[in-house]
Protein chains: 4
Amino acid sequence: MDYRQWERATEWPLAGSALTFLAIYTWTVLSQPTGMGARVAEYAILGIWTLFGIDYLVRLALAEQRTRWFFLHLHELAIVALPVLRPLRLLRLLTLISLLQRSIGGALRGRVVTYAVAGTSMLVFVASLAMFDAERAAPAGSIKTFPDALWWAATTITTVGYGDFSPSTATGRFIAVGLMVAGIALLGVVTATLASWLVQKVAEQDDANQAATQQQVAELTFQIAALRTELALRPE
Amino acid sequence: MDYRQWERATEWPLAGSALTFLAIYTWTVLSQPTGMGARVAEYAILGIWTLFGIDYLVRLALAEQRTRWFFLHLHELAIVALPVLRPLRLLRLLTLISLLQRSIGGALRGRVVTYAVAGTSMLVFVASLAMFDAERAAPAGSIKTFPDALWWAATTITTVGYGDFSPSTATGRFIAVGLMVAGIALLGVVTATLASWLVQKVAEQDDANQAATQQQVAELTFQIAALRTELALRPE
Amino acid sequence: MDYRQWERATEWPLAGSALTFLAIYTWTVLSQPTGMGARVAEYAILGIWTLFGIDYLVRLALAEQRTRWFFLHLHELAIVALPVLRPLRLLRLLTLISLLQRSIGGALRGRVVTYAVAGTSMLVFVASLAMFDAERAAPAGSIKTFPDALWWAATTITTVGYGDFSPSTATGRFIAVGLMVAGIALLGVVTATLASWLVQKVAEQDDANQAATQQQVAELTFQIAALRTELALRPE
Amino acid sequence: MDYRQWERATEWPLAGSALTFLAIYTWTVLSQPTGMGARVAEYAILGIWTLFGIDYLVRLALAEQRTRWFFLHLHELAIVALPVLRPLRLLRLLTLISLLQRSIGGALRGRVVTYAVAGTSMLVFVASLAMFDAERAAPAGSIKTFPDALWWAATTITTVGYGDFSPSTATGRFIAVGLMVAGIALLGVVTATLASWLVQKVAEQDDANQAATQQQVAELTFQIAALRTELALRPE
């Protein structure tokens, strides 16, 4: 079994695990289970962590250029190894989007937009959960309910930043910086998609000055080839 | 009567209804009528709602691919069915802009700019109204006058976000998120229009390295055709 | 004397008047002169206003399509007629920039950047002055010194919006909205200039796949013309 | 020794000096040494300042068009001459990035991204240090710890601007304006890179309508040349 095959085979199971993790994580953060429930959730999260860990090790083993792969996938090592980065494991769910898109198909710009919308929604939800979890118990914190956390995430990712709610703990601030960076990227994606669309449309409208297409030149080449054939066939 | 004809026939009446709705909505929010006035406004809004409902049903009936149409127009169903989304019905007024533009004509970039300016102004006005309506009675709310709501909307759509006024109710926050998303889109439109203009201008200035146009290649093709004719006419 | 000649002849004097207006405006706002000084400043501002008014009327009289000109220059009428919009008269100074650039020359992108930098600096300065003037006496205002007004303008035009200072009067908020819109435009100009530069550079680097230039096609056309001449000269 | 050679020879030593300056500056700001330590740091900073001063003078002497060079490098004079701008000397470290990149190579867009990421990280770190240094002793200041300064820098460069921390001193506000401008530039770079990538990808996908490449036209030219040769070789 090679690297590509392993990736194909584990795509759906791992996306499912990430989804399960999201469900359990949401549940534990929002309803703070105790006793039996807490223990089951803990074991489930441990199980999913093991799956991700095994996947990491197998891919490391199957990689053709192992050292290169190791350095290019340092972020995955960090996500697997550090419990603090646990919520980032959910980025795996973006694979789910790419899986759905592969079945739908569609143009590049449409795919970029889908990615941006889905990724942003997921990021806002996960960041709100993590922020709520981090700030809930902080004495100086202002984000005390999950709706407040969602509202905070919306004002942050759009770079509006009212400041009516803002993180006070170190964990919360790390999450916030991540969301701000995502906000800048989101702004960039929206603008770039619009710009690319406008550039194309404006070029299409400008009929007379449109760039010569490869098709046209191919036709021209065919004409000259025909000319050569005609000459060759003429009696000398 | 087919789908296209129905749309053409209802364009102006529906835009007019949306405009009437805007006027009544503005009046009820700002002067909070009671008694007779309130009842007339209520009936008028009910009447306009019926018009939009009929239009939705007729278009659903006339659509060629009904299931496909249904899913592509889910947002219209939501606007018709949910009273909470009532203000969004005003998005119909954007049709008015496109109607005006059809009569004026003009280049793509100019149309994009008109759309952005008109859409933004309308959105700021409607969002301010809805926000004022939502926050006015909230005990923890800070937006207590319509000018404050307008000022809040301006700081939000430009993503400045001073935070001197910010929504405290769930409805208010939903409106705010809508305005923030519109703000990001606005930023994107402004930047993309400028970028498209600059890319075109820079390309035009760079005379010597300008891309070969289709016109030029067409001329070349004509030259070769002439050559072939000349050869054909020569005595062998 | 026709429209163009009048514009050429009044370019420098009007830019000078605007500069004088800026100096007097800055002086009256910052040192609030009384008695003799105040009266001199008043007369000077009245004189400059007369100059702008005469220029407006003469250009209206010289315009070829008077009604069209009138509607395209409605903003100038507003600036001349409404004392509230007085500070906007300083936009005339942007002519000064274009005058300087005409003597320097230079590429389009460079000119866009110069315009953005100079226009932004001027706008920040003038908006700070107007804001300081508007908020100074407001009981609920927080902007009480000119440096605070400058700081507020910087946080607003960059859309950062800390909210430590924000306008409380209607005049102040109108100025703020103007500055926010300028901020969005500034963001757009910076991004568009960078994007246009990158698009060009990336296209230049990609040697093998560069678009065929008009020069190349012109050469090709010359080759075919030469071929036709050769054929024509051959004995039949 | 000419200008280019001097620049090549001093690249590494000056980048090293800037790095040393960064280390000493960080140390003095964070641990506020007294006695012996303070004096050593002072002498080291004086020594580095001398190095930068000598480099400035030598380059001024070696420049071909001295007056032109002087005006194009006014910012360097300011950094060398004014102790207030001391932290800006660290911009020298950007040379380090370009040195590293020269050894790695890579495409234009990749280099732009590396520059943006490295430059932003460095700027955030240095601005936080300078801000902490400026605000620490200010009675009205809110930024009292280095982590708070880092958090403030992150909310500022992303233009989020919660306003939970904002500078109160003149020095602090100058640093803040610098960071805001950097934030706008960062947004521009992110968006422009994405736009340039999208424009290219969309153009590549659109196979049939792709612009004719220079390679194609070169092939066409070769075909016509072959045709001329054939004609020339034919017996007349």
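Reply: A nonpolar core is a set of buried Ala, Val, Leu, Ile, Met, Phe, Trp, Tyr and Cys residues joined through side-chain atoms within 4.5 Å, where buried means under 20% relative accessible area with a 1.4 Å probe, protein chains only. This is a predicted model, in which local features need pLDDT of at least 70 and side-chain atom pairs count only at pLDDT 80 or more, while totals for chains, interfaces and linings use all residues. Residues are numbered from 1 along each chain as its sequence is written, chains are lettered from A and ligands numbered from 1 in the order in which they are written, and side-chain values use heavy atoms, with hydrogens and water left out.

Me: Which residues touch the most other members of the largest nonpolar core?
Reply: That core has 156 residues. The ones that touch the most other members are A:Trp152, B:Trp152, C:Trp152 and D:Trp152.

Me: Which residue of chain D is in contact with A:Trp152?
Reply: Contact means heavy atoms within 4.5 Å. Leaving aside neighbours within four places in sequence, the contacts of A:Trp152 include A:Met131, A:Phe165 and A:Leu179, and also D:Tyr162.

Me: Why do the buried residues of helix 4 of chain B line one face of the helix?
Reply: Helices are DSSP runs (H or I, at least four residues), numbered from the N terminus, and in helix 4 of chain B, residues 74-81, the buried residues are B:Glu76, B:Ile79 and B:Val80. They line one face because, seen down the helix axis, they fall within an arc (taken from the directions from the axis to the C-beta atoms) of 95°.

Key
Buried means under 20% relative accessible area, exposed over 50%, partly exposed in between (1.4 Å probe, protein chains only). Helices (H or I, at least four residues) and strands (E, at least two) are DSSP runs, numbered from the N terminus.
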